[in-house]
Amino acid sequence: MVVLFHPSPEELLSTTRDRMVDMFGHVITQKALLKIIYKIGPDLHVIRCRSEYLGEVLCAITLIDSEHPAVVLDISGTLRSLRTRAMDKKMSLRLP
Amino acid sequence: MHVVQPVLKFKSLLGLKSIGIEYGTGNTDSIGGEADVIHLLKSKPSAPTIFRYLVISENYHDLLSKDVDLVGITAIDEQFYEMLKRSSSKKLGIEIAVSWLRKTNGQKLAKNIALIKSIHNFTQKYGNQLVLTSGASSIFEMVSGRCFDALLELCDIKPETYWNSLNNWLDHKIGMRCYICDT
């Protein structure tokens, strides 16, 4: 999925994991296999998770209790199509 | 008008069909008549408008007020369900903001999820409508359609049922108002 988040990708991953542990516990968080794939510009990040836990991950990202909330812009089953669409979104948002 | 444009651009990126934008107090003459925007006003305009609107309140004791369409909920007491029962004929919207849920820790969040489920069941029974909103104060706090679906599923609410009933409720509420036709 493509996530708009202002601070670093590491912070996105750690705050999402913290919220997920808080909401669903350590076991579900581990099983979800959250991983940063790459970043597009300073604010757009592509992250991956197991599809079985997509709902839990989306809830955790939406409910991140941080000074900088995260916005899920796109979801795809393949990285190739996500990469193409992410570039379009970057152009639409005019991110540097 | 130019303040609304970035929000509209972001709205389409998030896969949302229409959005509500809160308008403070003051003159409503500067509000444009965008088709996919519903303006959320604190009080009912005295004359017909060119824009679609709903009247909102943050105090749920306004449930029985005849002008209010949407009431924001952050805490409830025993009176709430009683007032909701009494206001059933008005088809009121009960708003829960994601920005409020964000501020709660895991334990309180679990209680709030149960609360949303309970309010949804209650509103269905008495003809009112649960309205889940982002409560965003900037575009970076907005919530995408897919994330709303995930939150609804977390609350054991079927997204299709929710969106259909919200759509019907909005059509009913907005259709009741007087507007100036922009021909």
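**Pockets, interface and local features of the predicted model**

The residues that line the second largest pocket comprise 7 nonpolar, 4 polar and 2 charged. This pocket belongs to a predicted model, and its space amounts to about 240 Å³. Its lining is made up of 13 residues, among which Met1(A), Arg48(A), Cys49(A), Ser76(A) and Gly77(A) lie nearest the centre. Two elements of chain A, strand E3 (44-48) and helix H4 (79-93), each contribute at least two residues to the lining of the second largest pocket.

Over the whole structure, 1 cavity of 30 Å³ or more is found. The largest cavity holds about 30 Å³ of space. Its lining consists of Leu101(B), Ile113(B), Ile116(B), Leu132(B), Leu151(B), Leu154(B) and Cys155(B). Two or more of these lining residues come from each of H4 and H5 of chain B. By class the lining of the largest cavity contains 7 nonpolar residues, with no polar and no charged ones, whereas the lining of the second largest pocket includes 4 polar and 2 charged residues.

The contact between the two chains involves 23 residues of chain B and 21 residues of chain A. The size of an interface is often expressed as the accessible area lost when the parts come together. For chain B and chain A the buried area is about 1900 Å², of which 70% lies on carbon and sulfur atoms. On the chain B side, the residues that lose the most area to chain A are Leu13(B), Arg102(B) and Phe140(B), which together account for 32% of what that side buries. Four helices of chain B, namely H1 (4-13), H3 (98-102), H4 (106-126) and H5 (145-154), each provide at least two residues of the side that touches chain A. The greatest contribution to this side is that of H5(B), with 5 residues. By class, the side of chain B that touches chain A has 14 nonpolar, 4 polar and 5 charged residues.

Between chain B and chain A, 5 residue pairs are in polar contact, with both residues at pLDDT 80 or more. The number of salt bridges across the interface is 0, although a search of the whole structure gives 8 salt bridges over all chains. One salt bridge joins the side chains of Glu58(B) and Lys42(B), with an N to O distance of 3.3 Å. This pair connects distant parts of the chain, 16 residues apart: Glu58(B) is placed in the loop between strand E3 (53-57) and strand E4 (70-72) of chain B, and Lys42(B) in the loop between strand E2 (37-41) and E3 of chain B.

Backbone geometry was considered last. Most residues other than glycine have a negative phi. Leu33(A), which is not a glycine, has a positive phi of about 50°. Leu33(A) is located in the loop between helix H2 (26-32) and strand E2 (35-40) of chain A. In chain B, Asp156(B) likewise is a residue other than glycine with a positive phi, near 60°. Asp156(B) is found in the loop between H5 and helix H6 (159-175) of chain B.

Note on methods: Residues numbered from 1 in each chain as written. Chains lettered and ligands numbered in written order. Heavy atoms only, no water. Contact = heavy atoms within 4.5 Å. Buried area = accessible area lost by both parts, 1.4 Å probe. Salt bridge = Lys/Arg side-chain N within 4 Å of Asp/Glu carboxyl O. Polar contact = N/O pair within 3.5 Å; in protein donor to acceptor, adjacent residues only side chain to side chain. Nonpolar A, V, L, I, M, F, W, Y, C, P; charged D, E, K, R; others polar. 1 Å grid on protein atoms, 1.4 Å probe; cavity = no way out; pocket = protein on both sides within 12 Å on 5 of 7 lines; lining within 4 Å. Points joined across faces, edges and corners; volume = space filled by probe spheres on them.
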